[in-house]
Amino acid sequence: MLPFGYETDEDGAMSHLMLLPESRDALPMLDQRDAVGLDTEFMREKTYYAELCLVQVAAGETLLGIDPKQDDDQSAFWRRLGELDWVVHSARQDLEVIYQTTGVLPTELFDTQIAAGLIGLQPQLGYAALVKELFDAELPKTHTRANWARRPLPDEFLHYAAEDVEYLLPAADALAEKLDARGRLEWARADSALLLDRALYEPDIDNAIDRVKGARNLHGRRRSAAALLAGWREERAIQRNKPRQWILRDNVLMEIATRLPDSMRALAAIPDMPARFADRNGSAILDLVKQSAAEESDYRPPGAPDEAQKALLKRMQAIVARVARELGLANEVVASRKELSALITSNDRNSRVFRDWRRELVGDELLALL
C-alpha cells in the first residue's frame, strides 16, 4: 500500500492515517506533475447534486487525500489540478461531481476503463477487475456503500479510498504501452476526450421530460403537460438541491399529465398526491396544466421499427461485428446496438460512430447504408 497522506513504519506497514490538513498542502506535490491519478467518494441519495466527500490524488508514488468539506479555501488546489492531465477509471460520475462542485475539468483525460476496452478486455470492466488483470492484485471492495459524508472518516474508509488510486498511474502506463503497440493509443485519448464536454454535466431543464418514466408514450396536450411539469420539478429540485423524486414522484407527475385536473379538488384527487404538496404548489401546477392547452406538443410516441428498419439494423450490426472481430474488440466498443438504432430512427450524424477512429473503420460504411 502506498502512503495516503500518512507515513509508514519501518517495516512498511500502514501506521497513522490522516487527510492533508489543508488543500494547499498538496500544491508542492503537484508542482512537478503533468498527470495525476484521481478518484472521488461522494453521496447523492439526499441531494440533487452529488455531495463531494473525498478526493484521492495519486501524484507519482504519493497518494494525497483532500477533504472537500474542510473549512479552507480550496480554489488554488482546484486551479492547479485543472492544469494537469487526469487518469480516472470510469470517469463520467467523478467528472460530473467535480465539475458541478468546482467548475473544473482536466486539461486531458485518460479513462482506464475505456482504454481496457480498446485492448480487448471486457467493456465496462471494473477497477478491481482491471487491477487483478494487470497486476494480479486483489482489492477488497468492503466500503462501496459507506457513508462518506460522516466525520471523522474512519481509518478503514481511508485505506479503502487509497486503494482506488494506488494502481491508477501504473495501470495507465501498462494500458498505454499495450495500446501503443496496437496503434490505438490515440483512440483511447479520443474516446476519453468525449467525456470532457461540459454539456454532459449541466442540468438540462428543457429535456427534463426524458427522465420521467412512461412519458415517452404520451402525445398531444398530455405530452406538453408532462414536459412543463418535468421542467418545473427540475428547477425546484435544483433550487432546493433535493432529488427530483422528493419534489414530485414520477407516477404522480404522470397522473397529473394524464388527467389534466382543472381545480384544486381534482388535483387533490390524483392518486398518491401528497396533501401538503397540493396545498403548497397547487396553484402553480394548475397553471402549468392550463398552459399545456396552448402548447400542445406535436410529439408522437416512437413506434415499433418496421421491417425495412429491422433489416437495416441487422446489416449495420453485421458490419460492426465484422470490424470488432477483426480488431479483437467487443461489438459495443465499436458501436452499440442503441447507437445504431439511433442512427436509423433519429438520423443522428453527430454520433461518435462518425468521428475519430470509428469514422474510417466503420462509420463511412454505415453512412453509405443510411
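This is a predicted model: local features need pLDDT of at least 70, side-chain atom pairs count only at pLDDT 80 or more; totals for chains, interfaces and linings use all residues.
View 1. Helices (H or I, at least four residues) and strands (E, at least two) are DSSP runs, numbered from the N terminus. Along the principal axes, the C-alpha atoms fill a box of roughly 75 × 55 × 35 Å. Of the 370 residues, 46% count as buried (under 20% relative accessible area; exposed is over 50%, partly exposed in between, with a 1.4 Å probe and protein chains only). Among contacts (heavy atoms within 4.5 Å) with a separation of 6 or more, 62% come from residues 24 or more positions apart.

**View 2. An open sheet of five strands in the order E3-E2-E1-E4-E5.** Two strands pair if DSSP finds at least two bridges between them, and the pairing here is mixed. Strand E3 (62–66) and strand E5 (109–111) are the edges, each pairing on one side only. From one strand to the next, the twist averages 25 degrees. E1 (residues 35–43) and E4 (residues 85–88) run parallel and share three bridges, with Val36 partnered by Trp86 of E4. Helix H3 (residues 92–102) lies across E1, E2, E4 and E5, at about 80 degrees to E1. Axes are lines fitted to C-alpha atoms, for helices over the stretch in contact, and angles run from 0 to 180 degrees between N-to-C directions.

**View 3. Strand E2 and its two antiparallel neighbours.** Eight of the nine residues of E2 are buried, so the strand is largely enclosed by the rest of the structure. Seven bridges join E2 to E1, and Phe42 has Leu52 of E2 as its bridge partner. On the E3 side there are five bridges, including the one from Ala59 to Thr62. Two residues lie between the strands in the hairpin of E2 and E3, where Gly60 takes a positive phi near 65 degrees.

**View 4. The kinked helix H13 (residues 275–292).** The kink is about 70 degrees and is centred on Asn281; the bend at a residue is the angle between axes fitted to the seven residues ending there and the seven starting there. Asn281 is also one of the buried residues of H13, along with others including Phe277, Ile285 and Leu288. Helices H9 (220–240), H10 (244–247), H11 (250–259) and H12 (264–268) are among what covers these buried residues.

**View 5. Helix H8 (residues 185–193) crossing helix H17 (residues 356–369).** Their axes come within 8 Å and cross at roughly 115 degrees, which makes H8 roughly perpendicular to H17 (65 to 115 degrees; under 35 is roughly parallel, over 145 roughly antiparallel and the rest oblique). Trp187, Ala190 and Asp191 of H8 meet Asp356, Trp357, Arg358 and Leu361 of H17.

View 6. Ile205 is partly exposed, with a relative accessible area of 29%. Leaving aside residues up to four places away in sequence, Ile205 touches Gly231, Glu234, Glu235 and Ile238. The C-alpha atoms of Ile205 and Glu234 are 6.1 Å apart, although 29 residues separate the two along the chain.

Conventions. Residues are numbered from 1 along each chain as its sequence is written. Side-chain values use heavy atoms; hydrogens and water are left out.
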